[in-house]
Each structure stands twice: as C-alpha cells, then as structure tokens.
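The entries below follow the order in which I looked things up.

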Amino acid sequence: MPLRRNRRQYEQLTDFDRGPYNRPQRSSGSQKVECTVVEGQDVPGNTNDREDRAIRRVATSAPTTSLASIQRHLPPSRHPVPSRETIRRRLTEVGLRSRRPLRRLPLTPHHRQCRLDFCRPRATWSVTDWIRVIFSDESRFSLSADYHRTRVWRRTGQRSDPAFIVERHTAISQGVTVWGAISWDTRSSLVVLQGTLTARRYVDDILTPIVLPMLSSHPGAIYQQDNARPHTARLSQQCLQGYDVLPWPTRSPDLSPIENVWDALGRQLQPSRDTGELTAQMQRLWHRIFHRGS
C-alpha cells in the first residue's frame with residue numbers, strides 16, 4: 001500500500017515538477033518504479049570531504065578562478081564530477097561568494113601618504129563644508145564596452161583586501177572624452193573634448209566659459225580638479241587666481257563623487273555604432289541624470 005500511494009503521488013506531478021527526473025519506467029508484472037537522473041543535472045549533497053577541501057583550496061588560492069576551472073581541478077575520484085551549482089553551494093556554505101573585485105590604480109607609499117594628508121584635516125568637515133565644493137573631472141567612454149567579467153571568491157568584509165583587488169590601467173581606444181562638473185545643487189554642461197586637452201584649451205573651452213561663472217554665482221565655492229598637466233599648468237593656475245581650489249592628492253579619483261556619476265552614466269550607455277552616436281547618447285544621459293540641475 002505505501003508503495004502504491006507514493007506512486008500515485010508521483011504520477012500526479014507535472015513534467016515541470018519532476019525536474020531532473022525522467023518519467024517512471026514500469027516493467028510488466030512489477031510494481032517497481034525506476035527513476036533515472038538526467039545527465040548533467042545536479043544532485044544535492046554529492047561531494048565528499050576530499051572534494052569539499054579541494055573546492056575551498058582552489059577558490060582561496062586563486063580568487064579569480066571560475067566555477068568551470070574549479071570543476072576541472074577537482075580530484076578524479078569518481079564520475080560524474082560535481083556540477084557547478086554544487087561547487088557554488090559548497091563555497092557559499094563557508095562564506096565564499098562570487099563578487100566583483102574592487103578596482104583601483106596602483107599606489108606607492110608616497111601616494112598613500114598624500115591621501116592621508118588630504119583626508120585627515122577634512123575628516124571633521126560637515127555637509128555644510130562639502131556642499132561648497134564643485135567637483136570636476138574628465139572621463140573617456142569607449143565604443144568597446146568593458147563588462148568587468150572578472151569576479152573573485154571572497155568573504156564579507158574582504159572587499160579592500162589586496163588579495164581581492166584588481167588594478168586598472170588606462171588604455172587608448174576609440175571613444176569620446178568628456179569634461180563635467182557637479183556640486184550639491186548644480187552641474188555644468190557636458191563638454192566633449194576633441195583631440196588632446198592642453199592648458200590653453202582647458203582655459204579657453206572650460207575654465208573661462210564654464211567654471212569661472214559657476215564660481216562667481218556661488219559665493220564661497222571651492223573648485224576641485226585633479227593633477228592632470230593641463231590643470232596644474234601655470235596658465236590654468238593664473239586663470240583660477242582669486243578662487244579657492246581644493247588641493248587634490250595624486251591617483252585619487254575614488255575620492256571624488258563625480259566618479260560615481262561617470263559610472264552611472266556608463267552603465268546606462270547602449271552600444272553605439274560611432275563616436276557621433278555615442279556623444280549624442282551621453283548628452284541625453286547627462287541631462288537626464290541631472291534633470292534638476294541648472
């Protein structure tokens with residue numbers, strides 16, 4: 001009787017509910033129900049202690065390794081090998097999850113000291129102090145998108161651990177370079193830079209027509225720019241005389257909130273056929289993000 005009841009319950013399942021199991025095969029003259037597992041499907045709990053140790057060892061020794069690579073490194077103890085979902089569950093059980101790595105520029109001890117010298121005196125700044133700062137920056141958007149497919153296996157709280165950080169470097173590719181500035185309640189227009197930005201072009205195309213009017217219309221405003229050569233040139237410094245300029249540590253784009261704006265804009269960009277289409281799309285997104293700006 002119990003066997004018959006179980007069989008009736010199984011027969012009431014749909015193909016979707018049966019999941020990885022085939023339809024029951026009945027032999028003539030027998031009540032036995034045979035269920036076979038579809039090849040390639042995962043069966044919970046099908047790893048032993050040796051395989052669990054191997055999974056943890058590969059993920060911790062090479063945090064950027066993929067599930068497929070971990071699968072290939074398992075000891076050939078039996079067949080079939082554990083599926084990728086099983087490997088993912090074993091790593092989750094010990095607190096290891098697949099996450100995007102923190103990306104940063106390589107920093108020397110001198111760079112780190114400069115960052116500390118900048119942050120410590122301003123650690124007590126309030127919102128009232130920071131809303132006076134106008135953050136500016138240039139950014140380049142490429143026609144070939146960077147999907148950041150690299151991921152790392154790490155535990156919660158290990159994001160800034162050097163073992164799980166991927167250093168990023170700039171590279172020249174076909175795309176569009178833009179300049180923009182943001183503040184608490186305003187933003188500049190988005191300037192598309194054609195060719196190389198020189199100190200003369202920085203003064204004529206950005207500082208004089210855009211930055212100086214912004215600073216004049218916001219008494220007490222502080223202008224922020226990085227240490228690119230056009231920014232630190234004597235011509236640019238002379239143009240900004242009489243205005244407050246925030247000293248900025250080298251290789252510290254992560255300290256500026258405008259980097260979050262570039263990131264948000266880049267995530268919304270759709271594939272473009274040429275730089276003209278990319279420029280038009282960026283202008284639309286810039287105004288959409290700051291629809292309340294001046």
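**Helix α11 and its surroundings**

I first looked up the partners of helix α11: its buried residues pack against β5 (133-142), β8 (175-182) and α12 (275-289). I note that the model is a predicted one.

I then listed the residues of α11 (residues 258-268) that are buried, and found Ile258, Val261, Trp262 and Leu265. Viewed down the axis of α11, these buried residues lie within an arc of 100°, so they line one face of the helix. In general, an α-helix has 3.6 residues a turn, so residues three or four places apart point the same way. On the face turned away from the buried side of α11, I found the exposed residues Asn260 and Arg267.

**Helices α3 and α5**

Next I examined α3 (residues 49-61) and α5 (residues 84-93), whose axes come within 10 Å and cross at roughly 75°. Angles of 65 to 115 degrees count as roughly perpendicular, and α3 and α5 are therefore roughly perpendicular to each other.

I looked up the residues that meet: α3 contributes Asp52, Ile55, Arg56 and Ala59, and α5 contributes Ile87, Arg90 and Leu91. Sorted by class, this contact of α3 with α5 has four nonpolar and three charged residues, and no polar ones.

**Cysteines**

I searched the whole structure for disulfides and recorded zero. I also checked the exposure of two cysteines. Cys114 has a relative accessible area of 23% and is partly exposed. Cys119, at 35% relative accessibility, also counts as partly exposed.

Key:
Residues numbered from 1 in each chain as written. Predicted model: local features only at pLDDT ≥ 70, side-chain atom pairs only at ≥ 80, totals over all residues. Heavy atoms only, no water. Axes fitted to C-alpha atoms, helices over the stretch in contact; angles between N-to-C directions. Helix = DSSP H or I, 4+ residues; strand = E, 2+ residues; numbered from the N terminus. Parallel < 35°, antiparallel > 145°, perpendicular 65-115°, else oblique. Contact = heavy atoms within 4.5 Å. Nonpolar A, V, L, I, M, F, W, Y, C, P; charged D, E, K, R; others polar. Buried < 20%, exposed > 50% of the residue type's maximum accessible area, 1.4 Å probe, protein only. Arc of directions from axis to C-beta. Disulfide = S-S within 2.5 Å.
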